[in-house]
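Biologist: Please take a close look at the contact between the chains. Then walk me through the parts behind it.

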Amino acid sequence: MADYSQFNPAWGDRAPVIIGFLCNWCSYRAADLAGTSRFGYPATLRDIRIMCTGRLDPTFVVKALREGADGVLVMGCHPGQCHYEEGNYKAMRRIALLQRTLAQLGVHPDRVQLAWASAAQGGIFTETVKEMTEKVARLGPMQWRDNLEETAPHQEEGVPL
Amino acid sequence: MSEEKVGVYVCHCGHNIAGTVNVEEVSEWAGQLPNVAVAKDYKFMCSSLGQEMVEEDIKKEGLTRVVVAACSPHMHEPTFRGACQRAGMNPYLFEMANIREHASWVHQDDKPAATEKAKAIISGAVRRSLELAPLEPFRAPINKTTLVVGGGIAGINAALEIAGAGYKVLLVEREPSIGGHMAQFDKTFPTLDCAACILTPKMFDVGNSPNIELLTYSEVEQVDGYVGNFTVRIRKRARKIDTTLCTGCGDCWERCPAKVIDDVYESGLGYRTAVYRPFPQAVPKYPVIDTESCIYFKNGRCKACEKFCPTGAIKFDQEDEVVVVNVGNIVLATGYDVFDARRIPAYGYGRLANVFTSMEFERMTNASGPTDGKVVLRDGVTAPETVAIIHCVGSRDKNTNVYCSATCCMAALKFAHLVKEKTNAQVYNFYIDMRTAFKDYELFYTRLLEEGTHFIRGRAAEVTDAARLPGEEGKLIVQAEDTLIGKQRRVPVDMVILMVAMEPRADASEVAHRFGIGCSDAGFFTERHPKLDPVATMTEGIFIAGTCQGPKDIPASVSQGEATAARVLGLIGKGEVQIEPVRAQIDEDRCSGCRICNNLCPYNAIDFIAEKGVSRVNPAQCKGCGTCVAACPSQVITGQHYTYDSIMSQIEGLLYDVRSPNEKVRVVEMEPA
């Protein structure tokens, strides 16, 4: 297992867990291509296939964070390349709003990210997971559920208010 | 707790999964999950034995859900859905857990982590499977007409094969004539067949086939629908010629006073008139008026063509026409663009007169080309005594395109032969590697070696007219490192031919988007599987052939064209298609009629039923993206197969190991009302 305590001692021997929402047409296939090409990346991402990032109900993201994920990565087709014309634009709006809402709840926007990869971009997919993992690793474990109980409002460092 | 009985099957995939993920441990672990009745691991789940195991367990153990943890659902989901169906289970109750592409293959350096991740993926799949509902695929009849886009050699062959089998084909071509790049060529390698002699009979057949409707000078503007039932809007650009009257006699272009450089067919080496037919064997035979260079359209005077047309076919006021057609399948054979040699300034194209591109040379050496087939310098009269051919211009180069364009080595050999045959000049080939794969190509290379063509192994660094050494004055000097002898060489020549790369069409990504298919990083259309499904795309009913899919030569383009025909005919033969029932559905009883979903749908599939005050999804138009599902404030739109509950459960399953073991906080679930 990779040692994530080098990024943030709070990890101990744990590793970050990131829930991924990948669209069926571009990013899921990019992930498949990364596999076929044996492009290694950290085993932090656990992904869910949805037909389009337009299907991404913001409550999915909140649910994932609440259930113990340290981050959520949403990946779709490049803008203008959506299999359903414009679902990724909807996702873009929703994620932007969600990041702001979550920031007000003390969640760092780096924990919820939106990125693009076409079906041919296994390399970009791999790099995105690596970068996201490192960002989340620096932030440390999320433990939102445990923190919810604290009397003082939870506030991560560097969260824009 | 749910009553469902789940069977979990962990595939070894030989060593592909088992080499990284501890499959025995995973399957034993999966057996302990709630609702899991059977958990097994097996060497190859996709084998007939693996499938039979699933079928038997469904029957004997009464499984109501099946999870196979193996490869990507894009690989074997249909396989296992089939197995479930054979055993009497609804195929949509099957769930695939992708532990190969998304785990074993990408975490080879961290086997314990890969094993743990595989468990999480399976846990997610099991939880999701419990929420799946039985579905029935939609069935729709297949429209037997096929649209072929692009009238090059690939599209022509696709059209002829389908038409030959007795079905209607609509062939759309952007240029005034079909023929594509092959029509520009003089000879074809390695046999030195005359390109026109083998192409024009096929073009003629297209023009004469009762089953092929040819729309030249036309472009597809919009594509709607799905496999079997596409609706396509095509713009027929105004030819300004009444084709019912035109006989193709040629009086108009012989009289036309406007001369312009022909950048398309003559590759900029020759001229055409404003009213023109690209080449004598053009199909159809009718000319077009290029309104941008026509004197009448520029300043309102001239009309020479109209005066001399014996049948009165010139129609200056003709407008573009938009036709809407229904087709069942679509073949894209939109071809390639040639690399713009100006992008490598060191080779001097556009600056040094006697540097030519390979397409220019094709036209020059063509008997019907601007020089009547004479190989001459830019002055139009002097035959070269020495010629350099530079390979890989815009190919195999990090600065331009990293891929190999596949055909240029052989085309360069063809040119070397033609130059020698026509001028007896000395020919120097500057190559990186000679790539003469495929039948009889190597023999042609050997023949060229014996003919005395010089081969210098080394990428040319520059072409210059700055003479430094005796004998270089007035010449073009090609500088290159000869890597076989390890020395820099300067070769003075009279003419340089740049073997330019094949590139995706400039508008390839736009076209891909229009048809709902993908492009590779380089920009070529993406096939469904690079090895086993090379002409299908991710979108059912849309096939690709020829160089729009990647650089290839004529035999390969023809093969792909014919392959797409086989695929199309296969679908037509079936008579109907099954369409994934992934659709949105509105619970009208609970719809508040807010109409937020109405405008979100990119396909206008949601109608507002005014008398009931609710919205309704038209399943024929819905493509199942789920955008409306996510947006419904009342959460009354169900995204079939990707329901709210199925995704929520999958999240819980995926996070089984990090969810708080003891609930410290009472979580108020926001269930849909």
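**The contact side and what lies behind it**

Modeller: In this predicted model, chain A brings 50 residues to the contact and chain B brings 53 residues. Two residues are in contact if their C-beta atoms, placed from the backbone, lie within 7 Å. On chain A, five elements each supply at least two residues of the side that touches chain B: helix 1 (27-36), strand 2 (45-50), helix 2 (58-66), helix 3 (87-104) and helix 5 (144-148). Helix 1 of chain A gives the most, with 6 residues. By class, this side of chain A holds 22 nonpolar, 16 charged and 12 polar residues. Nonpolar here means Ala, Val, Leu, Ile, Met, Phe, Trp, Tyr, Cys and Pro; charged means Asp, Glu, Lys and Arg; the others, Gly among them, are polar.

Two notes on reading the model. Residues are numbered from 1 along each chain as its sequence is written, and chains are lettered from A and ligands numbered from 1 in the order in which they are written. Local features need pLDDT of at least 70, side-chain atom pairs count only at pLDDT 80 or more, and totals for chains, interfaces and linings use all residues.

Now chain A as a whole. It has 5 helices and 4 strands. Helices (H or I, at least four residues) and strands (E, at least two) are DSSP runs, numbered from the N terminus. Along the sequence they follow β-α-β-α-β-α-β-α-α. Of the 161 residues of chain A, 57% are buried, that is, 20 or more other C-beta atoms lie within 10 Å of their own, with C-beta atoms placed from the backbone. Of the contacts in chain A with a separation of 6 or more, 79% come from residues 24 or more positions apart.

Turn to chain B. It has 18 helices and 34 strands. Its C-alpha atoms fill a box of roughly 90 × 70 × 45 Å along the principal axes. Of its 673 residues, 49% count as buried. An automatic or database assignment sets the domain bounds: domain 1 (6-135), domain 2 (146-237 + 324-335 + 507-576), domain 3 (251-319), domain 4 (337-503) and domain 5 (584-640). The C-alpha centres of domains 1 and 4 of chain B are 56 Å apart.

One open sheet of chain B has 4 strands in the order 2-1-3-4, with parallel pairing. Strands pair if DSSP finds at least two bridges between them. Strand 2 (36-42) and strand 4 (94-98) of chain B are the edges, each pairing on one side only. Neighbouring strands are turned by 15° on average, direction ignored. Strand 1 (residues 6-11) of chain B is joined to strand 2 by 6 bridges, and B:Cys11 stands opposite B:Tyr42. Helix 1 (residues 23-30) of chain B packs on this sheet, touching strands 1 and 2, and its direction makes about 170° with that of strand 2. Helix 2 (residues 48-61) of chain B also packs there, touching strands 1, 2 and 3 (65-70), at about 165° to strand 2. Axes are lines fitted to C-alpha atoms, for helices over the stretch in contact; angles run from 0 to 180 degrees between N-to-C directions.

A further open sheet of chain B takes 3 strands in the order 11-12-17, with antiparallel pairing. Strand 11 (218-226) and strand 17 (321-327) of chain B each have a single partner strand, so one side of each lacks a neighbour in the sheet.

Conventions
A residue is buried if 20 or more other C-beta atoms lie within 10 Å of its own, exposed if 12 or fewer, and partly exposed in between; C-beta atoms are placed from the backbone.
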